[in-house]
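Hello,

Here is the structure for your files. My notes on the sheet and the ligand site follow below.

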Amino acid sequence: MIQIIRTKDYEEMSRKAANIIAAQITLKKNSVLGLATGSTPVGLYRCLVEGYNKGDLDFSQVRSVNLDEYQGLSREHDQSYFYFMNDNLFKHVNIDTAETYLPDGTNMDAEGECSRYHEVIASMGGVDLQLLGIGNNGHIGFNEPDDYFPENTHCVRLTDSTIQANARFFASEAEVPRYAYTMGIGEIMAARRILILASGKAKAPIIKEMLTGPVRPQVPASILRFHKKVTLVADEEALSLL
Ligand code: PGA
């Protein structure tokens with residue numbers, strides 16, 4: 001069951017989504033947040049930083065696990081998701097960075113890194129609220145369209161469409177890493193609550209497919225319809241084909 005919150009534009013989507021996360025960490029100070037990267041949540045993180053600066057939000061007991069990380073990028077690389085999280089949220093608020101977790105992109109032992117990260121997630125005692133974006137191809141985290149739903153953290157070969165979509169952040173398409181570590185669909189679905197964001201016309205076809213097409217691993221986000229507590233905050237453009 002997906003609850004839909006329709007907003008006028010990106011700014012309103014960001015504010016409404018930030019309010020949901022703010023409520024979560026106000027009601028439960030030691031929440032475990034599942035966090036996401038990409039263009040979509042940047043405004044939401046900005047709102048959370050504003051809330052913190054106003055004295056409304058306290059992250060001191062919050063712990064976090066991120067969805068994914070590129071394989072092969074160091075933490076200092078400005079396109080690593082470690083760098084993104086620091087730059088957009090962690091360094092601006094009073095979160096204990098020792099309690100913020102991402103897959104380690106520099107660990108080239110894929111099997112070892114995936115099982116280590118699975119244990120990290122398991123040790124958190126469950127994710128209270130998992131934030132998600134959605135790829136143009138329906139991916140959540142880096143769970144690309146496939147013929148099955150991967151359960152746990154795994155190493156994925158990014159699809160050509162994802163590499164093209166993410167090339168805008170790199171000097172050239174050739175520099176986009178080909179592999180990433182991502183939480184699996186089973187780990188994402190185990191979150192107590194899921195908040196998914198979408199903005200802009202480019203996302204309209206996949207939002208329609210996610211909400212109205214068959215639930216199938218070729219559209220990874222469609223599985224969210226089988227979760228009990230999902231909120232989609234999307235702007236008019238992203239909802240324009242419904
Ligand atoms: P975007 O990416 O927020 O940059 O559109 C979403 C995603 O790939 O999950």
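First, two terms: strands are DSSP runs of E with at least two residues, numbered from the N terminus, and two strands pair if DSSP finds at least two bridges between them. This is a predicted model, where local features need pLDDT of at least 70, side-chain atom pairs count only at pLDDT 80 or more, and totals for chains, interfaces and linings use all residues. Residues are numbered from 1 along each chain as its sequence is written, and side-chain values use heavy atoms, with hydrogens and water left out.

The sheet

β4 and β8 (residues 179-182) run antiparallel and are joined by 3 bridges. D68 stands opposite T182 in β8. Both strands belong to an open sheet of 3 strands, ordered β4-β8-β7, with antiparallel pairing. β4 (68-70) and β7 (154-157) are the edges; each has a single partner strand, so one side of each lacks a neighbour in the sheet.

The ligand

- S39: a backbone N or O atom, at 2.9 Å.
- T40: a side-chain N or O atom, at 2.4 Å.
- R168: a side-chain N or O atom, at 3.1 Å.

Taken alone, the ligand exposes 280 Å² (Shrake-Rupley, 1.4 Å probe). The protein buries 82% of that.

Best wishes

Conventions. Helices (H or I, at least four residues) and strands (E, at least two) are DSSP runs, numbered from the N terminus. A polar contact is a pair of N or O atoms within 3.5 Å; within protein, one must be able to donate a hydrogen and the other to accept it, and residues adjacent in sequence count only if both atoms are side-chain atoms.
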